[in-house]
There are 2 protein chains.
Amino acid sequence: MESKDLRRAGLKVTLPRLKILEILERGAHRHMSAEDVYRELMEVGEEKIGLATVYRVLTQFEAAGLVSRHNFDGGQAVFELDDGKHHDHIVCTECGDVVEFVDATIEKRQKSISEELGFDLQDHSLVLYGRCNKPGCSGRSE
Amino acid sequence: MESKDLRRAGLKVTLPRLKILEILERGAHRHMSAEDVYRELMEVGEEKIGLATVYRVLTQFEAAGLVSRHNFDGGQAVFELDDGKHHDHIVCTECGDVVEFVDATIEKRQKSISEELGFDLQDHSLVLYGRCNKPGCSGRSE
DNA sequence: TTTGCTGCAAATGCTTTGCATGTAG
DNA sequence: CTACATGCAAAGCATTTGCAGCAAA
């Protein structure tokens, strides 16, 4: 029951929030833009919910640590449920598919490099772009 | 003489283009947003040049490979002269200072990871965020 | 002259906000 | 009942575009 998550985050349990959480959990893709979420809401018959609410809710979820936001190439930010485990992304430039990965070597080097350059590392963003070799790959959306 | 660069890129040699190139070469910072460039143009007395032209010119320079564009956190894209040598960035979250670096280990791992995941790597974006330890650091712009 | 460039203002696309109404707690 | 949420429309940014006038080549 995801109402727990909402209450724990200090957010009132409302229909828009529940529905959006649900879509992020069982939606078509793990990485979705606000528009993607909004579109699915419409498809599911939740036509009273406005796009502004989707943005507001996603932003609140981000602040609450329920969701994380990524700025891949192409203007639109994408959101994904945050399971607490850090990871980076590789995005297919053709079909938009996103695959997550973690690499201890890279993580370690980043830390060292920051120290060498006199920085106290707080965060980082690593996105690889390439063409995936999936069967039906050649331009959808994700 | 930078007119060469322009001609080689198939661009007419015009005052806006020369001035913008000049600012990128001798400007206050190596990484500048379009607004930054525009602001310096105004300061230098080049007040006839419009912001739209700055954007257009920077985009053309990017297409010509003279300049590269980066999307760091904070909405505004930043541009830097492209010397052909690839590098990544570490950005100070306090003063906005940017330091460039290259790390062979990271580059190699990225390649391997892409292959392992069945991607043909085309490009990547790595940005580290942290606090730098420079003397006067605590919130400017760069 | 011809093709490409520029300034300006208007248009975009994504995201955020103001405000009056609604509703969870 | 009160504080917080929502929908809608309008506002905000960064960036792009249409167009008429200008200027390199």
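1. Two strands count as paired if DSSP finds at least two bridges between them. In this predicted model, strand 4 (residues 88–92) of chain A meets that condition with strand 6 of chain A, in the parallel sense and over four bridges. Within that pairing, H89(A) has V127(A) of strand 6 as its bridge partner.

2. The overall architecture of chain A may be set out next. Chain A contains five helices and six strands. Their order along the sequence is α-α-β-α-α-β-β-β-β-α-β. Along the principal axes, the C-alpha atoms of chain A occupy a box of roughly 50 × 40 × 25 Å.

3. Strand 6 of chain A also takes part in a pairing between the chains. Residues 119–132, which form strand 6 of chain A, pair with strand 6 of chain B in the antiparallel sense over 13 bridges. In this arrangement V127(A) stands opposite S125(B), a residue of strand 6 of chain B.

4. The extent of the interface between the two chains can be stated in two ways. By contact, 31 residues of chain B meet 31 residues of chain A. By area, about 2,800 Å² is buried between chain B and chain A, and carbon and sulfur atoms give 62% of that area.

5. Polar interactions also cross this interface. There are 14 residue pairs in polar contact between chain B and chain A, counted where both residues have pLDDT 80 or more. The count of salt bridges between the two chains is two. One of them joins the side chains of D103(A) and R109(B), with an N to O distance of 2.5 Å.

6. On the side of chain B that touches chain A, at least two residues come from each of strand 4 (88–92), strand 5 (98–101), helix 5 (104–116) and strand 6 (119–132) of chain B. Strand 6 of chain B gives the largest share, 14 residues. By class, this side of chain B comprises 15 nonpolar, 11 polar and five charged residues.

7. The surroundings of DNA strand D involve both protein chains. This DNA strand is surrounded by 22 residues, of which T14(A), K48(A), T53(A), R56(A) and Y55(B) are the closest. Of the atoms of DNA strand D that come within 4 Å of the protein, 69% belong to sugar and phosphate.

8. In Y55(B), a polar side-chain atom is placed 2.5 Å from a phosphate oxygen of DNA strand D.

Definitions and conventions
Residues are numbered from 1 along each chain as its sequence is written. Chains are lettered from A and ligands numbered from 1 in the order in which they are written. This is a predicted model: local features need pLDDT of at least 70, side-chain atom pairs count only at pLDDT 80 or more; totals for chains, interfaces and linings use all residues. Side-chain values use heavy atoms; hydrogens and water are left out. Contact means heavy atoms within 4.5 Å. Buried area is the accessible area (1.4 Å probe) that two parts lose on being put together, summed over both. A salt bridge is a side-chain nitrogen of Lys or Arg within 4 Å of a carboxyl oxygen of Asp or Glu. A polar contact is a pair of N or O atoms within 3.5 Å; within protein, one must be able to donate a hydrogen and the other to accept it, and residues adjacent in sequence count only if both atoms are side-chain atoms. Ala, Val, Leu, Ile, Met, Phe, Trp, Tyr, Cys and Pro count as nonpolar, Asp, Glu, Lys and Arg as charged, and the others, Gly among them, as polar. A residue is near a molecule or strand if one of its heavy atoms lies within 4 Å of it.
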